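Thanks for coming. I have one structure for today, and I will go through it element by element. Please have a look at it first.

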Amino acid sequence: MTWWLLPWTIPTLLQGYLIGLLAFCFGLVKNPRFYRGVLQWDWRPWFEARWRYSTTIGACMGLHSRRGKWTEYHEFIHIFQYEDMNLLGAVLGGLVCIVDWRVGLIVWSSSGALWLVPNFISGWIRNGDPYMGAEHELSAYSQTERASR
Ligand SMILES: [Zn+2]
């Protein structure tokens with residue numbers, strides 16, 4: 001997390017910590033730790049046998065045991081993308097607050113993982129793959145590849 005963005009990234013923090021807590025309650029994860037404000041977990045063996053990805057939702061990162069050297073770097077790019085969406089959500093939510101503070105709060109608190117849904121849909125339509133075709137994934141993979149050279 002970028003500390004000076006913290007006031008605007010509260011939705012990402014809360015969504016991530018809540019999802020991490022739910023993942024723990026459902027027995028998906030183990031070894032919790034915090035790194036730069038991000039809650040990191042390791043997938044439990046039964047779960048990573050079914051889910052072969054490391055995944056970041058909000059400020060929660062689930063890491064696969066067979067992750068590559070640059071996986072955490074890639075996942076932190078997603079954290080930065082969430083921060084960007086939260087900042088935009090705060091601006092839009094703040095403008096909506098002029099009319100109705102409750103709707104403004106909904107706009108801001110929805111910014112983050114929920115705002116990625118259109119990326120998956122357009123990635124599927126445009127590139128035939130909702131995951132690898134999504135622009136935020138293309139960007140993260142591109143940045144990871146560039147950094148690893
Ligand atoms: Zn990714």
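Predicted model: local features only at pLDDT ≥ 70, side-chain atom pairs only at ≥ 80, totals over all residues.

I start with two helices: α3 and α4, the latter covering residues 101-110, pack at an angle of about 170°, and their axes are 7 Å apart. With the cut-off for roughly antiparallel at over 145 degrees, α3 therefore counts as roughly antiparallel to α4.

Which residues of α3 and α4 meet? From α3 they are Gly-89, Ala-90, Leu-92, Gly-93, Gly-94, Val-96 and Cys-97. On the α4 side they are Trp-101, Val-103, Gly-104, Leu-105, Val-107, Trp-108 and Ser-110. By type, the residues of this contact are nine nonpolar, five polar and no charged.

Now the sheet. It is open, has four strands in the order β1-β2-β4-β3, and its pairing is mixed. At the edges are β1, residues 29-35, and β3, residues 55-57, each of which pairs on one side only. On average, neighbouring strands are turned by 20° against each other, direction ignored.

Let me take the pairs in order. β1 and β2 run antiparallel and are joined by five bridges. Across that pair, Phe-34 is opposite Leu-39 of β2. The hairpin of β1 and β2 has two residues between the strands, and Arg-36 there has a positive phi near 55°.

Next, β2 pairs with β4 in the parallel sense, over four bridges. Here Leu-39 stands opposite Cys-60 in β4. Then β4, residues 60-63, pairs with β3 in the antiparallel sense over three bridges. In this pair, Cys-60 of β4 has Ile-57 opposite.

What packs on the sheet? Helix α3, residues 71-97, does, touching β2 (38-43), β3 and β4. The direction of α3 makes about 20° with that of β3.

As general background, nonpolar side chains tend to be buried together in soluble globular proteins.

Leaving out residues up to four places away in sequence, Met-61 touches Val-38, Gln-40, Thr-56 and Glu-75.

Terms used
Residues numbered from 1 in each chain as written. Pairing = 2+ DSSP bridges. Axes fitted to C-alpha atoms, helices over the stretch in contact; angles between N-to-C directions. Contact = placed C-beta atoms within 7 Å. Parallel < 35°, antiparallel > 145°, perpendicular 65-115°, else oblique. Nonpolar A, V, L, I, M, F, W, Y, C, P; charged D, E, K, R; others polar.
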